[in-house]
Every structure is written in C-alpha cells, then in structure tokens.
Amino acid sequence: MNVHLKIIVDNQAAEGLVAEHGLSMWIEAGGKNILFDAGQGDALEQNAARLGIDLSHADLFVLSHGHYDHTGAVDFVMQESPELQVFAHPGIFKTRYSIYPGKDAKEISMPSEERLIVANLPDSHLHWIQEPTQIAPGVWLTGPIPRVHPLEDTGGPFFEEPEGTTLDPIHDDQALWLETEKGLLVVCGCCHSGLVNTLNHIAAASGHKPIWGIVGGFHLKNASAERLEATAAALREFQPTFLAPCHCTGDAAIDFFRQNLKTEINPGYAGFEIKTDN
Ligand SMILES: [Fe+2]
Ligand SMILES: [Fe+2]
C-alpha cells in the first residue's frame, strides 16, 4: 500500500506555516484520507489551507488521546467535514491536569465544546476503539496499550484532579500503524504509553511485521538516561529505517537517538512529508 503523510500542525513549522504546541497529520492511505489529531487552535485551519489540504475530503478522523493540544480544532474539523467517521478511546472525555513543580494545576483536557461535538455524534459515525482494530484496508489503531516496560511512564506530571493525588494513566492513548509496501509506518500522538510499550504492542498485534518508520510525538522530554538507553536498545532491535520525532519528543532525546542509533533521524515539523513512493 502506498502512503502519503503530511504533518499539518506541530511545535515546529516550515517557513510560511504556523507553529503551535499540538499535533495533526494528514494521511492518504488505502483509498482513504485520514486526519490524525486536530492540533490545539488555529494552526490546523491556516496550515491545511497553505498545504493545499481540503479537510472536507477527509474520510476518517482519529483522536490519539484526549489532551487539548490534539483535540482543540475538533469543532473546525467537524464543520468542514460533518460526515467524518471518528475513532478514539472513550477515555478521551476525561477531565485531567498537569501539575509542574512550583506551578498551579493546569487543566489539559479535551475542551468541553469539542467533547460535546464528539459525544453527540450518531453511533454510525463514532467508533470507540478498545483493542487493535483495522479502520481501513492496511490502516490499524492500537487501542489501549499495555504498560509493561519498567522504565516507561506517561512522560509528565499528569493527574486526574487539580490536587495531584491520583496519577492519570492516560489509558486512552493509542497509536496508528499503516501496512506500507516498505514495512509498517507507526504514527504516534504523544506516546504516553511509552514508545517501547507501543512498538511491542504493535509487533504482537501485527504478527511482528518489520517497521519501516516511526513518526510523531514520543514524549521523552523528561526521560531519564536509563529510559532513553532502553528506548534506543529497543529501537536497535526493531531496526526502523527512519524516525521522524516531533511535537513533545524533546531535543535531548532526539540528540541522544542521533548519537546512539544508526537509524536515520528526520525530526518532523508542520509541512514535513513521508511518502512511500520516493
Ligand atoms: Fe501532545
Ligand atoms: Fe498528550
């Protein structure tokens, strides 16, 4: 299967495009146009127009998890394309917070207007994903990812209430994979389940097909040296041809991979493209 992926929204952007803390990608695969996440604010609308992407031509809309920086423009997307088929885990509606040392709790949930739009979709257009599921020919969602690796966590100070008593496991986090002619292309949102856990889950669910590339946010900003080394060790086993880390991966993690892996490292940004046919 040929795949053409474009990053529409990212924390970094090519000249002429808007950078925003958020993520959104456009994926043409298996005869479908797939929108993966919706960014945080206006960047999706502005960048899609500049990249020549007509969101009214989207068929499938995947929400990787219920954080504001992946779901902020759901209202705009659904206005553009009201007949979209939406795929997510029901945990996206959860209210949640980040609490950084010395700072007030910040709500980082999916915005309430966007929650209402998704919650009111008819059953025929809303698909709750609870396990590995093929959503189009050769296009799969992981469903919830088992948290097995001892060094992996959600990657930040994420809590279920503003007092910070209960850690938010972000069980709604999921990734997508595409069966391309070059091997699997793995697409992560924030990878709150951990990159190693995500890859192991996909390996088991896909029948251990070789991985061609991995694109998305790996959320390794706060990762320990031990965790980075364990992630690099797993990547040496999986041997992807390239990594396209972006969004919340963190510069230190990208540098670490550059120094410790033979894999090609091409950091992603708004305007970045991946094509199987070049
Ligand atoms: Fe994110
Ligand atoms: Fe996130």
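Two strands are said to pair if DSSP finds at least two bridges between them. The strands themselves (E, at least two residues), like the helices (H or I, at least four residues), are DSSP runs, numbered from the N terminus. The structure discussed here is a predicted model, in which local features need pLDDT of at least 70 and side-chain atom pairs count only at pLDDT 80 or more, while totals for chains, interfaces and linings use all residues. Residues are numbered from 1 along each chain as its sequence is written, chains are lettered from A and ligands numbered from 1 in the order in which they are written, and side-chain values use heavy atoms, with hydrogens and water left out.

Strands of a sheet pair through backbone hydrogen bonds, either parallel or antiparallel. One open sheet consists of three strands in the order E7-E6-E11, with antiparallel pairing. Strand E7 (106–107) and E11 are the edge strands; each has a single partner strand, so one side of each is left without a neighbour in the sheet. E6 and E7 run antiparallel and are joined by two bridges. Within this pair, Tyr 97 stands opposite Glu 107 in E7.

A second open sheet has seven strands in the order E8-E5-E4-E3-E2-E1-E17, and its pairing is mixed. Its edges are formed by strand E8 (126–128) and strand E17 (273–275), each with a single partner strand, so one side of each is left without a neighbour in the sheet. Direction ignored, neighbouring strands of this sheet are turned by 20° against each other on average. Inside the sheet, strand E2 (residues 24–29) and strand E3 (residues 32–36) pair in the antiparallel sense over five bridges. One residue of this pairing is Glu 28, whose bridge partner in E3 is Asn 33. Helix H1 (residues 43–50) packs on the sheet, where it touches strand E1 (3–9) and E2; contact means heavy atoms within 4.5 Å. The direction of H1 makes about 135° with that of E1, where axes are lines fitted to C-alpha atoms, for helices over the stretch in contact, and angles run from 0 to 180 degrees between N-to-C directions.

Strand E17 contains Lys 275. This residue is partly exposed, at 31% relative accessibility; buried means under 20% relative accessible area, exposed over 50%, and partly exposed in between (1.4 Å probe, protein chains only). Leaving aside neighbours within four places in sequence, Lys 275 is in contact with Val 3, His 4 and Trp 212. The C-alpha atoms of Lys 275 and His 171 are separated by 31 Å, and these residues are 104 apart along the chain.

Charged side chains provide further links. Side chains of opposite charge can pair when their charged atoms come close. A salt bridge is defined as a side-chain nitrogen of Lys or Arg within 4 Å of a carboxyl oxygen of Asp or Glu, and the structure holds eight of them. One joins Lys 94 to Asp 168, with the closest N and O atoms 3.0 Å apart. This pair links distant parts of the chain, since 74 residues separate Lys 94, in the loop between strand E5 (85–88) and strand E6 (97–98), from Asp 168, in the loop between strand E11 (158–159) and strand E12 (176–180). Lys 94 is partly exposed at 27%, whereas Asp 168 is buried at 2%. Both residues belong to a network of salt bridges that also includes Arg 96, Glu 160 and Asp 172.

Another salt bridge connects Asp 153 and Arg 227 (3.0 Å, N to O).

The metal site remains to be described. Which residues coordinate the iron ion (ligand 2)? They are His 65 (NE2), His 67 (ND1), Cys 190 (SG) and His 192 (NE2), at 2.2 to 2.7 Å. Donors are N, O and S atoms within 2.8 Å of the metal (3.2 Å for Na, K and Ca); water is not among the atoms, so sites may look incomplete. The angles among the four donor atoms run from 91 to 172°, and the site is irregular. Four donors count as tetrahedral if all angles lie between 85 and 135 degrees; four count as square planar and six as octahedral if opposite donors are over 155 degrees apart and all others between 65 and 115; anything else is irregular. The iron ion (ligand 1) lies 3.4 Å from the iron ion (ligand 2), and Cys 190 coordinates both. His 67 is buried, at 3%, and Cys 190 is buried, at 3%.
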